[in-house]
Structures are given as C-alpha cells and as structure tokens.
Amino acid sequence: MNLHQIVYYSRNTVGGDTRTMLQSLRDIVSVSQKNNARDDITGALIFDKTWFLQVLEGDATAITRTYDRIAKDSRHGEVTLMKKGPISERRFADWSMGGTMRSPEMQEIFLNHGIAGAVDPTKLNAATVVALAQDLKAFEAERKSGVS
C-alpha cells in the first residue's frame, strides 16, 4: 500500500445550537466510519464548534478522494490542506474515524499543544494537529476504560 496522510482544517458551516452541532458531528463521524472502513482509511476528527481539524491516513488515492469529497461538503467551509505526504506507519490504526468534540475536560490537552483559547488553525502546523489528535485519542481511551 502507498501509505499517506492528509491533515487539513475547515470551518464548521452547520448552524444551530450546541445540541444541533453535536448531532451533526455524530452524523459525520458515523458516516465517515462506514466509508473509511470500506476504503481502509483511518484518522481522527477534532471539532470545537467553529473548526474541524482532521487527519486522514491510508492509500494516497483513497484519502485524496475522501479529501476532495469533504472539500465539496456544504458542512465544511474554507477547507485548507495543511499536509499531504507519505508516512511509514498509521498513527490511528485502530480508528476508522475517531471524533472528539472539544470539552472543558480536555482543556489541559489543548493547553499542552499551545491552544489556550479558541482554535485558530492558521496558527497550527500539521505536526501539532497530529500530536493533539493522538493525545485526545489517549484521553478518550482512558475515559472509556475508567482510568484516571
């Protein structure tokens, strides 16, 4: 396999209150998990009400096709590619698409990556997004296992 990674950000264009946005995120993650499992794509989606930050991993053609579809999706605006290139191994091998909505419990993780207030993706680089996603994945795993 020609293993590649894409890191991008986009502006959330889904209107409504927090509940509406959360339902939209659940819908996006659910559909993404099905499509990505079919296409052998793994990755992570971070959502903070204003921005989506996403990492996609898999075959170069498959992730490019997925990125192109996202760029045309009306729920995403200002879709901006941060990085596209080969990788030696997957960082999210067990996530067909993990999704995390920023919450107060995660604030320390965001602070550890230099994000104190609102996310400004124009001030982030792809390596920071990947590291943040990995730390959020570990946080979610600990929370699910009941480890504190």
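# Close-up views of a predicted model

**View 1. The loop between β2 and β3 holds lysine 49.** The model shown here and in the other views is predicted. Strands β2 and β3 form a hairpin, and 3 residues separate them. Lysine 49 sits in this turn and has a positive phi of about 85°. Most residues other than glycine have a negative phi. Lysine 49 is not a glycine, yet its phi is positive. Its relative accessibility is 38%, so lysine 49 counts as partly exposed.

View 2. Asparagine 12 belongs to strand β1. It counts as buried because its relative accessibility is 10%, under the 20% limit. Which residues does asparagine 12 contact, leaving aside neighbours within four places in sequence? They are Met21, Phe47, Lys49, Thr50, Trp51, Phe52 and Arg75.

**View 3. Strand β3 pairs with both β1 and β2.** Strands β1 and β3 run antiparallel, joined by 9 bridges. Within this pairing, tyrosine 9 has leucine 53 as its bridge partner in β3. Strands β2 and β3 are also antiparallel, with 6 bridges between them. Here phenylalanine 47 has phenylalanine 52 as its bridge partner in β3. Is β3 enclosed or open? Of its 9 residues, 8 are buried, so β3 is largely enclosed by the rest of the structure. In a regular strand, side chains alternate between the two faces of the sheet.

**View 4. Phenylalanine 47 and phenylalanine 52 form a stacked pair.** A search of the whole structure finds 3 aromatic pairs. A pair of aromatic rings is described by the distance of the centres and the angle of the planes. For phenylalanine 47 and phenylalanine 52, the centres are 4.9 Å apart. Their planes meet at 25°, which is under 30 degrees, so the pair is stacked. Both residues are buried: phenylalanine 47 has a relative accessible area of 2%, and phenylalanine 52 has a relative accessibility of 1%. These two residues are also bridge partners, with phenylalanine 52 in β3.

**View 5. Tyrosine 8 and tyrosine 67 meet edge-to-face.** The ring centres lie 5.5 Å apart. The planes are at 70°, which is over 60 degrees, so this pair is edge-to-face. What does the pair tie together? Tyrosine 8 lies in strand β1 (residues 3-12) and tyrosine 67 in helix α2 (residues 60-72), so the pair links parts that are 59 residues apart in sequence. Tyrosine 8 is buried, with a relative accessible area of 0%. Tyrosine 67 also counts as buried, at 13% relative accessibility.

**View 6. Aspartate 68 lies in helix α2.** Its relative accessible area is 37%, so aspartate 68 is partly exposed. How far is aspartate 68 from serine 10 in sequence and in space? The two are 58 residues apart in sequence. From C-alpha to C-alpha they are 12 Å apart.

**View 7. The largest nonpolar core has 22 residues.** Leu53, Phe110 and Leu132 have the most contacts inside this core. Which elements each supply at least two core residues? They are β1, β2 (42-47), β3 (51-59), α3 (107-112) and α4 (126-145). The largest share, 7 residues, comes from α4.

**View 8. Arginine 102 places its charged end over a ring.** The ring belongs to phenylalanine 110. The charged end of arginine 102 is 4.1 Å from the ring centre. Phe110 is also one of the core residues with the most contacts inside the core.

**View 9. Glutamate 78 has a positive phi in strand β4.** Strand β4 covers residues 76-86. The phi of glutamate 78 is near 50°. Glutamate 78 is a residue other than glycine.

Definitions and conventions. Residues are numbered from 1 along each chain as its sequence is written. This is a predicted model: local features need pLDDT of at least 70, side-chain atom pairs count only at pLDDT 80 or more; totals for chains, interfaces and linings use all residues. Side-chain values use heavy atoms; hydrogens and water are left out. Rings of Phe, Tyr and Trp (its six-membered ring) pair if their centres lie within 6.5 Å; planes under 30 degrees apart count as stacked, over 60 as edge-to-face and the rest as tilted. Helices (H or I, at least four residues) and strands (E, at least two) are DSSP runs, numbered from the N terminus. Buried means under 20% relative accessible area, exposed over 50%, partly exposed in between (1.4 Å probe, protein chains only). A charge sits over a ring if NZ of Lys or CZ of Arg is within 6 Å of the ring centre and within 35 degrees of the ring normal. A nonpolar core is a set of buried Ala, Val, Leu, Ile, Met, Phe, Trp, Tyr and Cys residues joined through side-chain atoms within 4.5 Å. Contact means heavy atoms within 4.5 Å. Two strands pair if DSSP finds at least two bridges between them.
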